[in-house]
Amino acid sequence: MSSFDSKNNVSNKSSRSQDAFQMPDLFGQSFETQISAGDCCKDLNMAREALDRHVQAGHGAQVAIRWLGKEGDRKDISYANLQELSARFADTFHIHGLQQGSSVFAVLGRVPELYGCALGALKAGMVFTPL
């Protein structure tokens, strides 16, 4: 029995057909085929979406992150500064032998460098995990 009653117009789980919802056919391939082939996301890079496109659009001087410290410190970081910091991290990862698909674990507090590290790892195609 569903957790919602029939007044909420939700059908009973047991009466639903397993194939009641079909993923749409996108660009001639099923969604499942695209996911298994990796086609749907191969050109997506979160660092580009979060930083590079803003800098390219002329918004590099705008504040991307306003960091507030425990002691009342405040630091504004622009898109351009964050882009530079993330590029430095990405280069450092490559210099130390990490490659696309490598895992990066960071033991940092909530400091601005954490975001540069995370975006640098994503920019380089790595998996980022804060600890």
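How do H3 and H4 lie to each other: roughly parallel, roughly perpendicular or oblique? I began my notebook with that one.

**Entry 1: ground rules**

I am working from a predicted model, where local features need pLDDT of at least 70, side-chain atom pairs count only at pLDDT 80 or more, and totals for chains, interfaces and linings use all residues. Residues are numbered from 1 along each chain as its sequence is written, and side-chain values use heavy atoms, with hydrogens and water left out.

**Entry 2: the whole chain**

I counted four helices and six strands in the protein chain. Helices (H or I, at least four residues) and strands (E, at least two) are DSSP runs, numbered from the N terminus. Along the sequence I read the pattern β-β-α-α-β-β-α-β-α-β. I then looked up burial and found that 25% of the 131 residues count as buried. Buried means under 20% relative accessible area, exposed means over 50%, and partly exposed lies in between (1.4 Å probe, protein chains only). For contacts between residues at least 6 apart in sequence, I noted that 53% join residues at least 24 apart. Contact here means heavy atoms within 4.5 Å.

**Entry 3: H3 against H4**

Back to my opening question. The axes of H3 (residues 79-95) and H4 (residues 112-123) come within 7 Å and cross at roughly 60°. H3 and H4 are therefore oblique to each other. For the angle classes, under 35 degrees is roughly parallel, over 145 roughly antiparallel, 65 to 115 roughly perpendicular, and the rest oblique. The axes are lines fitted to C-alpha atoms, for helices over the stretch in contact, and angles run from 0 to 180 degrees between N-to-C directions.

I also checked the hand: H3 passes H4 in a right-handed crossing. A crossing is right-handed if the near helix is turned clockwise from the far one by less than a right angle, and left-handed if anticlockwise.

On the H3 side the contact residues include Leu82, Ser86, Phe89 and Phe93, and on the H4 side they include Tyr115, Gly116, Leu119 and Lys123. By class, I have 11 nonpolar, four polar and two charged residues in the contact of H3 with H4. Ala, Val, Leu, Ile, Met, Phe, Trp, Tyr, Cys and Pro count as nonpolar, Asp, Glu, Lys and Arg as charged, and the others, Gly among them, as polar.

**Entry 4: where H2 comes in**

I turned to H2 (residues 46-56), whose axis comes within 9 Å of that of H3, with a crossing at roughly 125°. That makes H2 oblique to H3. The crossing of H2 and H3 is left-handed. Here Ala50, Leu51, Asp52, His54 and Val55 of H2 meet Tyr79, Ala80, Leu82, Gln83 and Ser86 of H3. I sorted the contact of H2 with H3 into six nonpolar, three polar and one charged residues.

H2 and H4 have axes that come within 8 Å and cross at roughly 120°. That makes H2 oblique to H4. H2 passes H4 in a left-handed crossing. From H2, Met46, Ala47, Ala50, Leu51 and Asp52 meet Leu119, Leu122 and Lys123 of H4. The residues of the contact of H2 with H4 come out as six nonpolar, no polar and two charged.

**Entry 5: Ser86**

Is Ser86 buried or exposed? I found Ser86 in helix H3; at 0% relative accessibility, Ser86 counts as buried. Leaving aside neighbours within four places in sequence, Ser86 is in contact with Leu51, Gly116, Leu119, Gly120 and Lys123.

Which element gives the largest share of the largest nonpolar core? The largest core has 11 residues, among them Ala90, Phe93, Val104, Leu114, Met126 and Phe128. Such a core is a set of buried Ala, Val, Leu, Ile, Met, Phe, Trp, Tyr and Cys residues joined through side-chain atoms within 4.5 Å. H3, strand E5 (103-106) and H4 each give two or more residues to this core, and H4 gives the largest share, four residues.

I picked out Leu114, which touches Ala106, Leu108, Gly109, Phe128 and Pro130, not counting residues up to four places away in sequence. A second, separate core has eight residues, including Ala47, Ile65, Ile77 and Tyr79.

I found Leu98 in the loop between H3 and E5. Leu98 counts as partly exposed, at 26% relative accessibility. Beyond neighbours within four places in sequence, Leu98 is in contact with Phe93, Val104 and Met126.

Last, I checked Thr92, in helix H3; Thr92 is partly exposed, with a relative accessible area of 36%.
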